[in-house]
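Let's take a walk through a protein structure together. Have the sequence and the 3D view ready.

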Amino acid sequence: MNQKNIEDLNYKQYEEVIVTEDIDMVFQCILSLKDGGVLGYEALCRGPKGTAFEDPKELFKMAKACGDIIALERICKKRALEKFQRKGDHLKLFVNIDPYCFLKEEGENLLNDFFSSWDRDSGYVVFEVTEQTCIHDYTRFHNTLRKYKDLGADIAIGDVGNGYAGLNLLTSVEPLYMKMDMKLIRDIHKQPFKQALLKAFVEFSNSTNSKLIAEGIETAEELDCLIDLGIHYGQGYYIQKPSAELLNTHPVIRSRILERNLTKGDIRLRNITSTRIGEISKCIPYIRPETLGKEVNLVFEKGSDIQGLPVIDQDKPVGLIMKHKFYRHLGKQYGYAIFMKRTIDRLMDKAPLTIDYDTPLDRASEIAMMREEDTLYDYIIVTRDGKYYGIVTVKDLLQKTTEIELDRARYANPLTGLPGNMVIDQKIRNMIVSKKQYAVLYFDLDNFKPYNDVYGFENGDRVIEMTAALIEQRMKALDFHEGFLGHIGGDDFVAVVESHQIHKLCEAIIEKFDKRILDFYSELDCKKGYIMAENRHGIIEKFPVMSLSIAVVTNRYKNFERVSQLAEYASKIKKKCKACWTSNYIIGDTPE
């Protein structure tokens, strides 16, 4: 079948679609990235299945060619109303409108008919406009648009960030919603440049009282990154695929959004042994071994920030060419004439430093610093499952390491390295809000001050370090790997676990502590079971060997609204614990 016959067949199919109004509508959920609530649904048209016009792009392309945009828009809006008004109570309906409808009288008639058929508050209608049609008469366009905004309808601009057209329309319309083009969203978690761009849009939208909607979210990582950036709403296959029904959001998605928001502003204490190099890597352009020198030269000339290019063959790194070395070769006698026409595999470093994604930062730094002087500042190539993933510069390594160390100095206890008060409060607050099962364990060393006075601060510090390590070890041994341990200061610690079953944990910690603490006393004091020291009033008296008190607060029977409320309750339990002169624990979860 030749091209003309295909076109004739497509035209006949198209005519039949318009005459029979054989168009269906599906709906895709638009979700709040703040609380997981449903804002509304975007109505998306679909032509007859099995035809070229099942794809709406082809359908509208033919309609424009035939001058039938208004007719097609009328059918689509009619179908959207029929299906949505049966099911979509108190939800916004996003309908795509070609700007042509705002420029022609018959387009205004279509929109008037739409509103006359809409039996709800017009504030639940959102017209989504994308500048696919060239707007010649902006005055008429604005006047018509203003008419429907005055009726209460909201305006969304689609494909924002996709070239000049979207931005031009954005500045002209001043919409309530800005839908970020899916090309900006794809792999956003891997691309710092895109993140910086979206951050600027977030600031812009917040200052103009508009809202951002991220389109085309396809992975959990993209969703997490968009939440962290402060994007207001999102839609995409990861959230929900288009459906003939107005489907409810999956509870897992909503829970992920809530949990991510709960912790996105958190102080995250990390260390260079647990942070992986892949987490700071960035994706940059790469070349193949057969790339010519003149092509490499063009890349370096266009990208002033690109200082090197990984050489990749079948997804695996086989070399690296750094910018300064490339031009060093070109600067040699006849270098320009020779190497510009030859493949880059003649110049590249065939054994660049390649490190696996999961390598800790401290180990990666050690390996990087062991290189020869000439390669010391070359890019570090990062692989994952043996395939090229990205690169890290020595500058990146130093910056991240410094950032981690500064954070730990700011928020961690200098003696134990455990999170300090601000992070502890944050963790307990998050647990209270989450409504999950939790237990907060407050640890206090009994008779620590007299020991410090007799044995000295250095030994006192050793006891604190031992206690911290012991609690951490017992938590891991009893499968509380996700548990949190913080150091309030002095001889006080706090642990938070997502369980009410903590009897075995408390018993194991006390059993181990009572054995280990004897190593910090002299043999004579161990036999006596006490030391002689001054009390608070300067009077010498006996003080038993140190013991450990554990005051436990859970939300089994009592719900707390604030950290201070929980801490106050815990202090009452701690007083009861300290009344006993041996290691003990009390769980304050008796029904009131």
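We will look at the nonpolar cores, then a sheet, then the cysteines.

This is a predicted model, in which local features need pLDDT of at least 70 and side-chain atom pairs count only at pLDDT 80 or more, while totals for chains, interfaces and linings use all residues. Residues are numbered from 1 along each chain as its sequence is written, and side-chain values use heavy atoms, leaving out hydrogens and water.

Start inside. A nonpolar core is a set of buried Ala, Val, Leu, Ile, Met, Phe, Trp, Tyr and Cys residues joined through side-chain atoms within 4.5 Å; buried means under 20% relative accessible area, with a 1.4 Å probe and protein chains only. The largest such core has 66 residues, and Ile23, Phe127, Leu198, Leu226 and Ile231 have the most contacts inside it. Its largest share, 8 residues, comes from helix α3 (residues 69-84); helices are DSSP runs of H or I with at least four residues, and strands are runs of E with at least two, numbered from the N terminus.

Next, find the open sheet, where 3 strands lie in the order β11-β12-β13 with mixed pairing. Two strands pair if DSSP finds at least two bridges between them. Strands β12 (residues 380-384) and β13 run antiparallel, joined by 5 bridges; Arg384, for instance, has Lys387 in β13 as its bridge partner.

Finally, how many disulfides does a search of the whole structure find? It finds 0, a disulfide being a pair of cysteine sulfur atoms within 2.5 Å. The sulfur of Cys45 has its closest cysteine sulfur in Cys76, but at 3.9 Å that is too far for a bond. Likewise, the sulfur of Cys577 is 8.5 Å from its closest cysteine sulfur, in Cys580, too far for a bond.

Note on methods. Buried < 20%, exposed > 50% of the residue type's maximum accessible area, 1.4 Å probe, protein only.
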